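Open your viewer and get ready to select a few things in turn. We will go from the overall layout to single residues.

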Amino acid sequence: MSVFVLLEHDNKTLKPSSLSALHAASQLGGAVHAVLIGHGVTAIANVLQSSASLASVHVLDDARYAHPIAELIVPVLADVAREATVVLAPATTFGTNVLP
């Protein structure tokens with residue numbers, strides 16, 4: 001099983017809801033893959049890539065992702081997570097906007 005988790009952040013730090021989503025993913029079993037979409041997210045990516053609990057970290061760092069708009073994020077997430085068994089997002093306005 002592969003679980004992909006879309007992470008919520010402010011382009012500088014992860015939101016606590018993302019950590020909760022990652023924890024939930026780890027409880028499902030299988031490989032957990034983080035998906036980080038934003039602009040200027042290098043610091044977050046570096047922290048995530050040092051985590052032994054993640055199978056991989058997919059980073060899309062581009063100015064057009066500076067503001068989390070579902071219409072931009074959904075196609076990218078669909079492409080990155082096309083082989084996923086499960087796709088999760090935080091239980092927040094952001095998460096339910098992207099994965100209703």
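One idea before you start: the angle between two elements is taken between their N-to-C directions and runs from 0 to 180 degrees, with each axis being a line fitted to C-alpha atoms. Keep in mind, too, that you are looking at a predicted model.

Stop 1: Four of them make an open sheet, in the order 3-2-1-4, with parallel pairing. Strand 3 and strand 4 (86–88) are the edges, each pairing on one side only. From one strand to the next, the twist averages 20°. In general, the strands of a sheet pair through backbone hydrogen bonds. Now zoom in on strand 1 and strand 4, which pair over three bridges in the parallel sense. Which residue of strand 4 is the bridge partner of phenylalanine 4? Pick valine 87 to see this partner.

**Stop 2: a helix across the sheet.** Helix 3 lies across strand 1, strand 2, strand 3 and strand 4, and runs at about 150° to strand 2.

Stop 3: In soluble globular proteins, nonpolar side chains tend to be buried together. Here the largest nonpolar core has 15 residues; Val5, Leu7, Leu22, Val32, Leu36, Leu48 and Leu54 are the ones that touch the most other members. Strand 1 (2–6), helix 1 (16–28), strand 2 (31–38) and helix 2 (42–49) each supply at least two residues of this core. There is also a second, separate core of 14 residues, and Leu6, Tyr65, Leu77 and Val80 are among them. Next, click on leucine 7: its contacts beyond four places away in sequence include Leu22, Leu48 and Phe94.

**Stop 4: asparagine 11.** Go to the loop between strand 1 and helix 1, where you will find asparagine 11. Is asparagine 11 buried or exposed? Its relative accessible area is 16%, so asparagine 11 counts as buried, the limit being under 20%. Follow its side chain to the backbone oxygen of alanine 66, at 2.9 Å. Asparagine 11 also touches Gly38 and His39, among others.

**Stop 5: aspartate 62.** With 29% relative accessibility, aspartate 62 is partly exposed. Gly38 and His39 turn up again here, as contacts of aspartate 62. Aspartate 62 and glycine 38 are 24 residues apart along the chain, yet 6.3 Å separates their C-alpha atoms. Finally, the aspartate 62 side chain reaches the backbone nitrogen of arginine 64 at 2.9 Å.

Conventions. Residues numbered from 1 in each chain as written. Predicted model: local features only at pLDDT ≥ 70, side-chain atom pairs only at ≥ 80, totals over all residues. Heavy atoms only, no water. Core = buried A, V, L, I, M, F, W, Y, C linked by side-chain atoms within 4.5 Å. Buried < 20%, exposed > 50% of the residue type's maximum accessible area, 1.4 Å probe, protein only. Helix = DSSP H or I, 4+ residues; strand = E, 2+ residues; numbered from the N terminus. Contact = heavy atoms within 4.5 Å. Polar contact = N/O pair within 3.5 Å; in protein donor to acceptor, adjacent residues only side chain to side chain. Pairing = 2+ DSSP bridges.
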